[in-house]
Amino acid sequence: MKEEYMDLALELAKKGIGKVNPNPLVGAVIVKDNEIIGTGYHEQYGGKHAEVNAIKNATKAVEGSTIYVTLEPCSHYGKTPPCVNLIIEKKIKKVVIGMLDPNPLVSGKSIKKLKENNIEVVVGVKEKECKKLNEVFIKYITSNLPFVVLKSAISLDGKIATTSGESKWITSKEARRDGHLLRNKLSAIMVGINTIIKDNPELTCRIENGRNPIRIIVDSTLKISLDSKVIKNNDNLTIIATTRYANKSKKEKLLNANIRVIEVNDKDKKVDLKELMRFLGNLKIDSVLIEGGGTLNFSALEEDIVDKVRFYIAPRILGGETSKSSIGGKGFYRLSDTVKLKDLTYEKLSEEIVIDGYVNKLK
């Protein structure tokens, strides 16, 4: 067994980024007589699965071959027939699987069926990498809640603007492009109303062949201007989350502008973010990128909806007691209440240091 075949399957799976949500990213490689004879990946939501594409692309008969696949082949009828049936039908002799299907209702069923048909099965090759690739899918399929990433671009001293409010641009164009890659990867982008009022952003994905995310605006009283770019340019779905304190006449105007306005319960007259995540999960929105200011960022952390953070740290020092920080709000009073991160990774990107970390849910 060669791990490089699973490495190739992982690279193939990444080609589906931004195209398959809320389905998983999956790649497959077929090997026969130590030769790769077929490759494939899940290319788009509702399209053929990786195993089907690999078999279709095979240059030789796949009978007696080994297939490497990053995720346990499906065993149920969805938008496509079960891949496990095709593997059996084509008389593939061995299946090497990166990770089990995380859905507890189906996990392991394909393996059982393959073994019942005398097909050798190996599980757990590059499992850590396969799970990392599909961290969004794992969270969503097991909880029906979006995987939430909080992203911020900051100075070395943690500021997002100068004392005059100037913020464009703290980070380099390479870092900003990387942020747009995140917008393409995740299904939705969420900001607070203060960001809309101050910056009037478009919240689009500006990379070649990129996918514009669903836009989510947290606006507890509907202060948003009808002339905002997110209202006037609504080619992609825009959702405004508000509360019972919303301006009723503004709500009607927004609905007439084809903006989806949802009213959720409030916490201290602000949108209950946990309830909002449940609502978004029911809309099949599997992931959310928070690009808010300090107020929304703190609320998201305080309400424990964040799974992962990504900070771009620029080699600048802004200073100033009144300059805005990436995490604002009222802050935490005790160290024991603060948000702790785990599994941190670091990388250099142009001038910036980029830090990724996962929120430790066990305080």
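## Elements and model

Helices (H or I, at least four residues) and strands (E, at least two) are DSSP runs, and they are numbered from the N terminus. The loop between strand S8 and helix H9 (229-232), for example, holds Leu 222. The structure described here is a predicted model.

## The sheet

Strands of a sheet pair through backbone hydrogen bonds, and the pairing is either parallel or antiparallel. In this model nine strands make up an open sheet with mixed pairing, in the order S10-S9-S8-S7-S13-S6-S14-S16-S15. The edges are taken by strand S10 (260-263) and strand S15 (341-349); each has a single partner strand, so one side of each has no neighbour in the sheet. On average, and with direction ignored, neighbouring strands of this sheet are turned by 20° against each other.

Strand S8 (residues 214-218) pairs with strand S9 (residues 238-242) in the parallel sense, over four bridges. Val 218 stands opposite Ala 241 in S9. S7 and S8 also run parallel and are joined by five bridges. Here the bridge partner of Gly 192 is Val 218 in S8. Is S8 enclosed or open to the outside? Four of its five residues are buried, so S8 is largely enclosed by the rest of the structure.

## Helices packed on the sheet

Helix H12 (residues 294-302) is mostly covered, with seven of its nine residues buried. These buried residues are Gly 294, Leu 296, Asn 297, Phe 298, Ser 299, Ala 300 and Leu 301. Their cover includes S6, S7, S8, H11 and S13. After H12 comes Asp 304, which has a positive phi near 60°.

Ile 189 is part of strand S7. Its relative accessibility is 0%, so Ile 189 counts as buried. What does Ile 189 touch, not counting residues up to four places away in sequence? The list is Arg 183, Leu 203, Pro 213, Ile 214, Arg 215, Ile 216, Leu 289 and Glu 291. Lys 15 is 174 residues from Ile 189 in sequence, and the two lie 21 Å apart in space, C-alpha to C-alpha.

Thr 195 belongs to helix H8 (residues 193-199). Buried means under 20% relative accessible area. Thr 195 has 13% relative accessibility, so it counts as buried. Neighbours within four places in sequence aside, Thr 195 is in contact with Asn 200, Pro 201, Gly 292 and Gly 293.

## Backbone exceptions

Most residues other than glycine have a negative phi, and most peptide bonds are trans. Leu 222 is not a glycine, yet its phi is positive, about 65°. This residue is buried, because its relative accessible area is 2%. Asp 33 also has a positive phi, near 55°. Asp 33 sits in the loop between S1 and strand S2 (35-41). With 70% relative accessibility, Asp 33 counts as exposed.

A cis peptide bond, with omega about 5°, joins Asn 21 and Pro 22. Pro 22 lies in the loop between H1 and strand S1 (27-32). The peptide bond from Lys 168 to Trp 169 is cis too, with omega near 0°. Trp 169 lies in the loop between S6 and H7.

## Empty space

Rolling a probe the size of a water molecule over the atoms shows where empty space is left. The largest cavity has a volume of about 120 Å³. It is lined by 13 residues, and those closest to its centre are Asn 21, Asn 23, Leu 25, Val 136 and Lys 185. By class, this lining holds seven nonpolar, four polar and two charged residues.

The second largest pocket contains about 950 Å³ of space. Of its 32 lining residues, Lys 132, Leu 133, Glu 135, Lys 308 and Tyr 358 lie nearest its centre. Elements that give two or more residues to this lining include helix H1 (3-13), helix H5 (127-133) and helix H7 (173-185). Which element gives the most to the lining of the second largest pocket? It is H5, with five residues. By class, the lining of this pocket has 13 nonpolar, no polar and 19 charged residues.

Methods:
Residues numbered from 1 in each chain as written. Predicted model: local features only at pLDDT ≥ 70, side-chain atom pairs only at ≥ 80, totals over all residues. Heavy atoms only, no water. Buried < 20%, exposed > 50% of the residue type's maximum accessible area, 1.4 Å probe, protein only. Contact = heavy atoms within 4.5 Å. 1 Å grid on protein atoms, 1.4 Å probe; cavity = no way out; pocket = protein on both sides within 12 Å on 5 of 7 lines; lining within 4 Å. Points joined across faces, edges and corners; volume = space filled by probe spheres on them. Nonpolar A, V, L, I, M, F, W, Y, C, P; charged D, E, K, R; others polar. Pairing = 2+ DSSP bridges. Axes fitted to C-alpha atoms, helices over the stretch in contact; angles between N-to-C directions.
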